[in-house]
Amino acid sequence: MAKLNIAPTKSNLLAIKEQLAVSTNGYELLEEKREILVRELMHLVEKVKLLEQDIDKVIDEAYPAFKRMLMVDGADQIERIAHAVHYEFDMTEKKVNIGGMTFSSMDVVLPKKELFYSFIGTYANTDATITKFFELLTLLTQMASIRTIVWRLAEEVKRTQRRVNALDKMIIPQAKETKQYIESVLEERERENVFVLKALKRGAESK
């Protein structure tokens, strides 16, 4: 690692020592932050895996229910029911605090399930199918919210890791090498000054 191209002076030595202290402290803080973010990311990934299992389970139940509904009620009846069903979904932005950082995500408030069709001409399959797809929709909105946070958190982990690497592999080693170089030059100058002073003293005493 090449040292910084600065003059080997006492003022520059003080400046490089201060920079090294700040960089070292910053490295420790960033490393701690990275570890916290990684732990939170792993926790959210586990939540995603569990949600995926729940979604797969509901899908395995919802689509067979829809097929039964199609066979029993018929396509025309299902189309009439579909045209009658209308829901409003409330979507808002929400802030999530993780590891001392705030991330933006979304919050979807599902409406209460209502009866938009008459009991006449419908079967239990209709209610069962709508209930299952409502359950599926609930899980999918939860998944979308969590995955948004996971994506943003993963990006922040990458940024933090790059900063940690820059401090660890470049900035801190460069500052250390520069500090050692300036100290060695100043020590050599001090030895030369001492030698000169002793020589002058011996010359003065010999007169």
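Biologist: Which residues do ring pairs link into a cluster?

Modeller: This is a predicted model. In it, ring pairs join Tyr63, Phe66 and Phe133 into a cluster.

Biologist: How is a pair of aromatic rings described?

Modeller: A pair of aromatic rings is described by two quantities, the distance of the centres and the angle of the planes. The structure holds two aromatic pairs. For Tyr63 and Phe133, the ring centres are 5.2 Å apart and the planes stand at 80°, so this pair is edge-to-face, given that an angle over 60 degrees counts as such.

Biologist: Which parts of the chain does the pair of Tyr63 and Phe133 tie together?

Modeller: Tyr63 belongs to helix H1 (residues 10-73) and Phe133 to helix H3 (residues 124-205), so the pair ties together parts that are 70 residues apart in sequence.

Biologist: What is the geometry of the pair formed by Phe66 and Phe133?

Modeller: Phe66 and Phe133 are edge-to-face, with 6.4 Å from centre to centre and 80° between the planes. Phe66 lies in helix H1 and Phe133 in helix H3, so this pair ties together parts that are 67 residues apart in sequence.

Biologist: What does relative accessibility say of Tyr63, Phe66 and Phe133?

Modeller: Partly exposed covers the range between under 20% (buried) and over 50% (exposed). Tyr63, at 42%, therefore counts as partly exposed. Phe66 counts as partly exposed at 32%, and Phe133 counts as partly exposed at 27%.

Methods: Residues numbered from 1 in each chain as written. Predicted model: local features only at pLDDT ≥ 70, side-chain atom pairs only at ≥ 80, totals over all residues. Heavy atoms only, no water. Phe/Tyr/Trp six-rings, centres within 6.5 Å; stacked < 30°, edge-to-face > 60°. Helix = DSSP H or I, 4+ residues; strand = E, 2+ residues; numbered from the N terminus. Buried < 20%, exposed > 50% of the residue type's maximum accessible area, 1.4 Å probe, protein only.
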